[in-house]
Amino acid sequence: MTATLSAKKLKEVALTGDEYKVIVDLLGRAPNEVELGMIGVLWSEHCSYKTSKPFLRRLPSSGARVIQGPGENAGVIDVGEGWAVVFKIESHNHPSAIEPYEGAATGVGGILRDVAAMGARPVAILDSLRFGPLPASRHLFEGVVSGIGGYGNCVGVPTVGGEVYFEDCYADNPLVNAMCVGIVRIDQLQHARAEGPGNLLLLVGADTGRDGIHGASFASLELDDSSEERRPAVQVGNPFLEKCLIEALQELIGQPAVVGIQDLGAAGLTSAVAEAASRGGSGALIDLDRVPRRELGMSPYEVMLSESQERMLVVVERGRQAEILPVFEKWDLHVAVIGEVTEDGHLTVEAEGRVAARIPVEVLTDKAPTRILQGRAPDAARRRLDLDAVPPVPESIAGSLLKLLGHPNIASKRSVFRRYDQQVGNATVIRPGGDAAMIRINGTSIGIAMTTDCNSRYCELDPYLGAQIAIAEAARNIVATGARPVAISDCLNFGNPDKPEVYWQLEETTSGMANACRALDLPIVSGNVSLYNDTDGRSIHPTPVIGMIGVIDDYHKRLEAGFAVDGDFVLMVGASGNDLGGSRYLEIEHDLFAGRPPEVDLLGERAAHEYLLAAAAGGHLRSAHDVSEGGMLVALAEACLIGERGVRCPPLATSADLRTDALYFGETQGRFVISAPSRSMPELQNLARRHRVEIQLLGLIGGDALEFEGEFSIPLVELAAAYYGAFEQGGVQT
Amino acid sequence: MRFGVVVFPGTWSDRDCGWVVEHVLGAELEYLWHKDRDLRDCDCIILPGGFSYGDHLRCGAIARFSPVMESVVDFAAHGGLVWGICNGFQILCETGLLPGALIRNDVCEFRCEWTNLVVEKDDTLFTSGLGRRDVLRVPISHGEGNYFADPATLSRLEQHGQVVFRYCRPDGLVVPEANPNGSLHSIAGIVNRAGNVLGMMPHPERCAEPELGGTDGLRLFQSVMSSFTGVPV
């Protein structure tokens, strides 16, 4: 029995020498090549979460509406009237760095299958994207946007939201996080379980090829010069086939012969069969000779590790396959019985009449190691901000506003989202471009609000606060539509955790998230971790992307960001402080990336949310918009631009404690810009007292300029040129 | 009256069209599977949007060979109402029920956005409830909606008044800036000579309810319904 293996061999399967020894111990023998590949891929960070597991356990995952938390293909939330929302966010960062179009396309394809496997019909896609600055990163930006559109548009699921950010740290390691939202009747939820010995394992959809072998291991290594050679580890998508697969699965719902459905994603057949068997407390026997191939001469190793897209594992009651085969025939989908559920607790793989691999299922799943490392906080003096050295009054408030509106991270992404079908499904009641998007459940009055958020600059400056802000801001985006935030799917994008600073970031981020989740009563029901986002030793900012879902019982009461009616009052909800640390204003006017991000008073934050929801439910509001990057003035300008209406404001009340730049451009949390008819004012004031929320009258809607009397007046056309023009002319042309 | 919505593999506007027919318009609905030849006594056949057969080879190129299309061609030849929307328009051109072709948008990108359409022809069964020069707000969603035909075909279309919709500004003026995809003569929709086959790139089924951004699309469905039943909308 040998307990060592060459370093080259181990690197190929992304295992350490110590891990190899554990494998030999667990099996009581040395694994053969197929077994080593299977264990390697399931023990990879991407599949096993071996480094992040201890942190993930700290995140709250239960709540009154939670039907399914982490551990299935996607999380499930009860949204009322017998309906459930199924959703999950997932990263496809490394494939997108190497092959942006297919990397992004298959990222969308993979997350759609996760949701479809739960029995849900996918009804919306959101994409959270991060690149290096343009124009240098244009090929990645272009490729990713085209790939998302190419897949989502063809498959017929609307892309309704997301974010696009440009920061230096993502130059060689873009982030592509895709979220899918689906709906299903609660009594028709499917589970990814292989149970009942003798029941059959059906492989449905695409034939298996050599594409994507080692994709999961690839995702668990840093990118370097050799990464280009891993291009074969990137899969190729076929959205047409996926569409047929989704429709076929929809027709399978309610068929009693179906025991379970499991998507084939990272680590292909190995992961799908092992996870389904593990959940069912069973074993499985598969015969590789029955797996339909698209290439000749594939070894068992290649078949087991292939990440060919558009495949599903369907577990069917033995003897009842005839009930469901007509569905696949109708959709012209290939289907093959590749094996069966067993009671021996092993995953046994046969090929050409011989056993090619035989591993206890728990070795593949539960026995994956956990890594506990040592974190170290970076130098506290790093990025310290001396605000007193910054002049408190901007040279030109109007000039700063126009610069902010034209900043690629704030400017309208219209030129991106018009490349995505946003409306197919006849359910999109709030389209992209405002705070959260909203999908109605057709035939009901239920609206589902959805958003993704993360300001990673805050996270770089202080990962604890940055994580809390990401959750608070996502919640504000949901609340601004009148919907109540109900659950989160998170995508934790970090650098190499072997670096003590990155490990510390993971610790800080997850404790910040856990506290924010508890304070705002938001469970995390699904998610994904992407580590090793490093290039040549440089890590990305910690980027915990928060995908959030909200529910409104009557979508007719929804609110949008744009000012709606001339003569309405414009108010600010929440107090403002000198919160300039990490602000976009300091970057564009003083070239500073420093300071402490704004504190989040979670109780105050929650009060502001409750206030807004009460005001919206009472029908007192006509618009609401979250105040985030660029502060109050950017939020006001956006509300003007989206509503195509100006606003007239008297001079702002100042106080000795509040700096002028912070007043206009500070990024204090817990704030909204709202508008309401004059008749609502008494009730809005009553509610503010009851919820202990500060509100301040800013001005009146009307005219064709954003005006602060005696200070400045900027015509809407100038604001629009900056906001909409940024991506359509000049330096950041798409 | 009964609408038939054809479903090819890869079609995705079928359920949206069905929703409008059944729940907004309140008409009868049948889904027609591409492998079936039976049109089930439908009075108007809708070929909806999507990527039929993955739009492999060329948009609509494979759909024209499907069994259901044999029946649709026959139905149209006998004066039946056939309405192609988006991919459906592409299929009608491939089938030869309408002249010309839809090629890649001149912007070389997929475009999903609201457009304004000026009604050029109000004497078809599809537009009977509209007025000439009415401006409709209807969204598009396509990568290949750039209408192209040779000069002789184009001049015949114009001469016979077969252009039903053109892309325009909100005030009805037809200008190049309002043309989202480079279509010749800003063409958004045409009918055949007999007036019973309409093809259009914009999606009227996506604007049949105020919650979804507008109701101009519903006016087309209502036109078909009232011209067929004789009951004014």
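## Strand β6 of chain A and its partners

In this predicted model, strand β3 of chain A (residues 83–91) runs antiparallel to β6(A), and nine bridges join the two. One of the paired positions is A:Ser91, whose bridge partner in β6(A) is A:Asn177.

Strand β4 of chain A (residues 121–131) also pairs with β6(A) in the antiparallel sense, over nine bridges. Here A:Leu129 stands opposite A:Val176 of β6(A). Strand β6 itself, which spans residues 175–185 of chain A, is mostly covered, with 10 of its 11 residues buried.

## The largest nonpolar core

The largest nonpolar core contains 313 residues. The residues with the most contacts inside this core are A:Val181, A:Leu201, A:Val273, A:Ile448 and A:Ile471. Among the elements that contribute to the core, helix α18 of chain A (residues 463–479) gives the most, with 11 residues.

The surroundings of A:Val273 can be set out in detail. Leaving aside residues up to four places away in sequence, A:Val273 touches A:Leu201, A:Ala284, A:Ile286, A:Leu313 and A:Leu347.

## A seven-stranded open sheet

Chain A also holds an open sheet of seven strands with mixed pairing, in the order β23-β25-β22-β26-β24-β27-β28. The edge strands of chain A are β23 (623–626) and β28 (712–715), each of which pairs on one side only. On average, neighbouring strands of this sheet are turned by 20° against each other, with direction ignored.

## The contact between chains A and B

The contact takes 21 residues from chain A and 20 residues from chain B. On the side of chain B that touches chain A, at least two residues each come from α1 (14–25), β6 (111–119) and β7 (135–142) of chain B. Strand β6(B) gives the most to this side, with three residues.

By class, the side of chain B that touches chain A comprises eight nonpolar, seven charged and five polar residues.

Note on methods:
Residues numbered from 1 in each chain as written. Chains lettered and ligands numbered in written order. Predicted model: local features only at pLDDT ≥ 70, side-chain atom pairs only at ≥ 80, totals over all residues. Contact = placed C-beta atoms within 7 Å. Helix = DSSP H or I, 4+ residues; strand = E, 2+ residues; numbered from the N terminus. Nonpolar A, V, L, I, M, F, W, Y, C, P; charged D, E, K, R; others polar. Core = buried A, V, L, I, M, F, W, Y, C linked by C-beta atoms within 7 Å. Buried ≥ 20, exposed ≤ 12 C-beta atoms within 10 Å, placed from the backbone. Pairing = 2+ DSSP bridges. Axes fitted to C-alpha atoms, helices over the stretch in contact; angles between N-to-C directions.
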